[in-house]
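I opened my notebook to record what I looked up in this structure, one entry at a time. The sequence and the structure come just below.

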Amino acid sequence: MAQHRYDWLVMNIYITRHGQTNLNAQKLMQGLTDAPLNETGIAQAQKARAMIQDVHFDAVYSSPLQRAVKTASIIGDVPEDKVIKDSRIIEVNFGKYELCKYYKQGPWMTAYWLVPEIFPAPPTVEPVSSMVERSASFLKEIEAMPYENVLVTCHGGIMRALCGCLSDRKNGIKWRPHPRNCEIRVYESINGKHRFITDYDPEH
């Protein structure tokens, strides 16, 4: 059987979190609330783009939330209408904890978000198993494509699962350190095997 030309292709997957929003600045839990980037967030995305210089992306994927789409457009150097939106990489559903202050969530949610390997998700909050399932599904699909460089723009919660999958973690998550706004982590993928390459952080 003839081998597809991309069976051997090295794919570089750039995973990034969106830039800052006013809700981030106010230290509020921001899940499915569709807040735009603020001026700081736009500047972070522009700096992140400058850090990766002239990388050309064969495809630019994003969560459908506007903060991720705008970030994808800037870092990916493509118009917003060329960004491929995928709901599988949308942020975690925080349920009743949406828009709560980071440090006023109560012990159950605080414990879960600090150590999800030990504490289960509280009622109304999306569990880790769901995050891992949708991340794995998304990555399996893009890794079947003939891309050399691909950008995936998402959120701080789901990025932990995407990076867990790309780190081949048994539990499917890489929870720490937490992703910073517009931090880019680069992974190499060859036939479903992964390797971390480098990261770019506009805040450092």
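My entries below go through a pair of helices and then some aromatic rings.

**Entry 1: the model.** I noted before anything else that this is a predicted model, so every value here is computed from it.

**Entry 2: two helices.** How are helix 2 and helix 3 oriented to each other? I looked up helix 2, residues 39–52, and helix 3, residues 66–76, and found that they pack at an angle of about 30° with their axes 8 Å apart. Because angles under 35 degrees count as roughly parallel, I wrote down that helix 2 and helix 3 are roughly parallel to each other. I also noted that helix 2 passes helix 3 in a right-handed crossing. On the side of helix 2, the contact is made by Ile42, Ala45, Gln46, Ala48, Arg49 and Ile52, while helix 3 brings Thr71, Ile74, Ile75 and Gly76. Sorted by class, this contact has 6 nonpolar, 3 polar and 1 charged residues.

**Entry 3: aromatic rings.** My search of the whole structure gave 8 aromatic pairs. For Phe94 and Trp113, the ring centres are 5.1 Å apart and the planes stand at 85°, so I recorded this pair as edge-to-face. The pair links distant parts of the chain, since Phe94 lies in the loop between strand 3 (84–85) and helix 4 (107–114), and Trp113 lies in helix 4, 19 residues apart.

**Entry 4: buried or exposed?** Phe94 has 3% relative accessibility and therefore counts as buried, and Trp113, at 15% relative accessibility, counts as buried too. Finally, I noted that Phe94, Tyr112, Trp113 and Trp175 form one aromatic cluster.

Key
Residues numbered from 1 in each chain as written. Predicted model: local features only at pLDDT ≥ 70, side-chain atom pairs only at ≥ 80, totals over all residues. Heavy atoms only, no water. Axes fitted to C-alpha atoms, helices over the stretch in contact; angles between N-to-C directions. Helix = DSSP H or I, 4+ residues; strand = E, 2+ residues; numbered from the N terminus. Parallel < 35°, antiparallel > 145°, perpendicular 65-115°, else oblique. Left-handed = near helix turned anticlockwise from the far one by under 90°. Contact = heavy atoms within 4.5 Å. Nonpolar A, V, L, I, M, F, W, Y, C, P; charged D, E, K, R; others polar. Phe/Tyr/Trp six-rings, centres within 6.5 Å; stacked < 30°, edge-to-face > 60°. Buried < 20%, exposed > 50% of the residue type's maximum accessible area, 1.4 Å probe, protein only.
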